[in-house]
Amino acid sequence: MGVEVVTFGCRLNAFEAEVIRSKAEGAGLSDTIVINSCAVTNEAVAQARQSIRKLKRERPGARIVVTGCAAQTQAAMFADMAEVDRVVGNDDKLHGEAWRETHAAFGVGASEKIAVSDIMAIREMAPHLVDGYASGLPRVFVQVQNGCDHRCTFCIIPFGRGNSRSVPMGAVVEQVRTLVERGHAEIVLTGVDLTSYGADLPGAPKLGLLTRQILRHVPELKRLRISSIDSIEADSDLLDAIAGDARLMPHLHLSLQSGDDMILKRMKRRHSRQDAIAFCDQVRRLRPDIAFGADIIAGFPTETEEMFSRSLDLVEECGLTFLHVFPYSPRPGTPAARMPQVAGPEIKERARQLRAAGEVALRRRLQTEIGATRDVLIESAGQGRTEHYLPVAVAGECVGSVVSRKITGSDGERLTA
């Protein structure tokens, strides 16, 4: 048995899992399970702990290493678990030296289990080209940014990821070119705070310029997709690319979090409700068929029913298709954890209402697609996704290919073509 990586949380963690596997195996580790943890909610941390205990029962002889955001922010807690052999920091996990040291350190006492560097001291970011992606895998990720300079009152992630830092544009373009040459049809740009890209680089290039450089210098790239963005930071080059290049997919996921201005202020967000609506209207004028997804938090401290109703209304007012709903979870050490809390059952009910609104919005969008002709990226046998990230049932096509198909129906969860 080699190295198995069990990943929780975001797309960035999913990308980094491939880097971890490569570095750990290169350091000689075997029969090792790496838990790549998430810290965004208390539930995510609890899931990591439960997984550790379950995996140790199933494979008592395996070594267990914990890394990721929760390992960075709560290293001692994981080190105190008898099942855990090593805790590796969130930046350390991307470097071979940390895994060589881990290999040598197995079997040490609990006080020596922790190998976690000061994440705030990390100022530069090296590109990591993933070699483990199977050739022809339909969709792959390229990390262009890490960390966050903002301090939203609910968020622990800057303390797990450090300050914002970016991969130089030339290195990103080369990674994309290499992955396209290997047969990958769709590239997804990912990061922690993607629209802060470039602020730390010479000349401070923005995400829009990076996007246009990729599209210009890798003409054979079929599809480019952008993961979650902060709409208030979207620059004119990015909007121009959305409007002018069909290879940039008409699908944006927005970090909105709330539809109420007072809650947004208490979250220390940098946009207002009207900013969010105006951005969606502007982009829809540039690309009328665009699909929007959004993160929304249910039950943020001090949120009243009236405030919550504004978040619920935002689904319609922004024309959202995909909703990622987070029931608010107080993270120790964050300002929001010290604010007056909403009762747990109320949070759960508000999250249920948001998810229900999201299901209605998705079904409505699926219905509007019937009769249209869409380019479908085949992800697996019988399953693909349109340019708008809508799932489609498609039979008899080669995985990794992009095929033009007429949409014939919908079962409420996916399209048929």
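This is a predicted model: local features need pLDDT of at least 70, side-chain atom pairs count only at pLDDT 80 or more; totals for chains, interfaces and linings use all residues.

User: Which side chain reaches a backbone nitrogen at the start of H9?

Analyst: Asp-235 does. One of its side-chain oxygens comes to within 3.1 Å of the backbone nitrogen of Asp-237.

User: How do I check the length of a helix? Take H1.

Analyst: Compare the expected span with the distance between the ends. Helix H1 covers residues 11-26, which is 16 residues. At 1.5 Å a residue, H1 should span 22 Å. Its end C-alpha atoms are 23 Å apart, which agrees.

User: Which residues in H1 are buried?

Analyst: Leu-12, Asn-13, Phe-15, Glu-16, Ala-17, Val-19, Ile-20 and Ala-24.

User: Which residue with a positive phi follows H1?

Analyst: Gly-28, with phi near 95°.

User: Now the aromatic rings. How is a pair described?

Analyst: By the distance of the ring centres and the angle of the planes.

User: How many aromatic pairs does a search of the whole structure find?

Analyst: Three. Take Phe-300 and Tyr-328. Their ring centres are 5.6 Å apart and their planes stand at 75°, so this pair is edge-to-face. Phe-300 lies in the loop between strand E12 (291-298) and helix H12 (305-317), and Tyr-328 in the loop between strand E13 (320-327) and H13, so the pair ties together parts that are 28 residues apart in sequence.

User: Why does Phe-300 count as buried, and why does Tyr-328?

Analyst: Look at relative accessibility; the cut-off for buried is under 20%. Phe-300 is at 0%, so it counts as buried. Tyr-328 has a relative accessible area of 8%, so Tyr-328 is buried. A second pair joins Phe-322 and Tyr-389: with centres 6.4 Å apart and planes at 75°, it is edge-to-face. Phe-322 lies in strand E13 and Tyr-389 in the loop between strand E15 (383-385) and strand E16 (391-393), so this pair ties together parts that are 67 residues apart in sequence. Phe-322 is buried at 17% relative accessible area, and Tyr-389 is buried at 18%.

User: Which residues form one aromatic cluster?

Analyst: Phe-154, Phe-300 and Tyr-328.

User: And charges over rings?

Analyst: Here the charged end of a side chain is placed against a ring. The charged end of Arg-385 sits over the ring of Tyr-389, 4.2 Å from its centre. Likewise, the charged end of Arg-151 sits over the ring of Phe-159, at 5.5 Å from the ring centre.

User: Which residues is Leu-366 in contact with, leaving aside its neighbours within four places in sequence?

Analyst: Leu-390, Ser-410, Gly-412, Glu-413, Arg-414 and Leu-415.

Note on methods. Residues are numbered from 1 along each chain as its sequence is written. Side-chain values use heavy atoms; hydrogens and water are left out. Contact means heavy atoms within 4.5 Å. Rings of Phe, Tyr and Trp (its six-membered ring) pair if their centres lie within 6.5 Å; planes under 30 degrees apart count as stacked, over 60 as edge-to-face and the rest as tilted. Helices (H or I, at least four residues) and strands (E, at least two) are DSSP runs, numbered from the N terminus. Buried means under 20% relative accessible area, exposed over 50%, partly exposed in between (1.4 Å probe, protein chains only). A charge sits over a ring if NZ of Lys or CZ of Arg is within 6 Å of the ring centre and within 35 degrees of the ring normal. The expected span of a helix is 1.5 Å times one less than its number of residues. A polar contact is a pair of N or O atoms within 3.5 Å; within protein, one must be able to donate a hydrogen and the other to accept it, and residues adjacent in sequence count only if both atoms are side-chain atoms.
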